[in-house]
Amino acid sequence: MQYKRNEYFRYTFGEPCEATFRLIKNASETSPQEISNKGTCKIIDISPNGLKIYSELFISIDKLKQVEINFNLDEAPLTMIGEFIWSKGKFSGYEYGVRLLGDTESEQLIISELKSRRRKEMEIKKQ
């Protein structure tokens, strides 16, 4: 088995993380960017570069590629922009893979928030 040091870790939540999202229609030179109303979703797992979400709502990812996702991992509220890369129908909803369009700073913020969350989870287990 080869180990790739460049690959990020993926953190899977025991209890999915609540989040909201808004769909972004791609802006063109002639029309302003449009954003949908908020929808709810759950984050199943996350890495600094992407996440897997679950929603009861069907999203036509062929037509609406970009999404704004708002969530809290620990302390800081996070707002990330991403693009859908896959979707899969489930029994009562849909799963979507989202590639985050962040920079090094946002990647580090996700890592920092996950570390803080994990420390708190471990403290609760010790009690």
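Analyst: A residue is called buried when its relative accessible area is under 20%, and exposed when that area is over 50%. Please keep in mind that this is a predicted model.

User: Why is Glu68 called buried?

Analyst: The relative accessibility of Glu68 is 12%, and because the label buried applies under 20%, Glu68 counts as buried. Glu68 belongs to strand β5, which covers residues 66–72.

User: What makes the pair of Glu68 and Asn70 a polar contact?

Analyst: The two side chains make a polar contact at 3.5 Å, and the cut-off for such a pair of N or O atoms is within 3.5 Å, with one atom able to donate a hydrogen and the other to accept it. Setting aside neighbours within four places in sequence, Glu68 is also in contact with several residues, including Phe21, Arg22 and Met80.

User: How do you know that Ser55 is buried or exposed?

Analyst: Ser55 has a relative accessible area of 2%, and since buried means under 20%, the conclusion is that Ser55 is buried. Ser55 is found in strand β4, and a polar atom of its side chain lies 3.4 Å from the backbone oxygen of Thr40.

User: What makes β4 a partner of β3, and which sense does its pairing with β7 have?

Analyst: Two strands pair if at least two bridges are found between them; β3 (residues 39–47) and β4 have 5 bridges and pair in the antiparallel sense, and β4 is joined to β7 by 6 bridges, again with the strands running antiparallel. Gly50 in β4 stands opposite Ser47, while its bridge partner in β7 is Arg99. The strands β3 and β4 form a hairpin, with 2 residues between them.

User: Why does Gly93 count as buried, and where does Gly93 lie?

Analyst: Gly93 has a relative accessibility of 4%, and because buried means under 20%, Gly93 counts as buried. Gly93 lies in the loop between β6 (77–89) and β7 (94–100). Not counting residues up to four places away in sequence, Gly93 touches Tyr54, Ser55, Glu56 and Lys88, where a contact requires heavy atoms within 4.5 Å. The C-alpha atoms of Gly93 and Leu57 are separated by 6.5 Å, with the two residues 36 residues apart along the chain.

Methods: Residues are numbered from 1 along each chain as its sequence is written. This is a predicted model: local features need pLDDT of at least 70, side-chain atom pairs count only at pLDDT 80 or more; totals for chains, interfaces and linings use all residues. Side-chain values use heavy atoms; hydrogens and water are left out. Helices (H or I, at least four residues) and strands (E, at least two) are DSSP runs, numbered from the N terminus. Buried means under 20% relative accessible area, exposed over 50%, partly exposed in between (1.4 Å probe, protein chains only).
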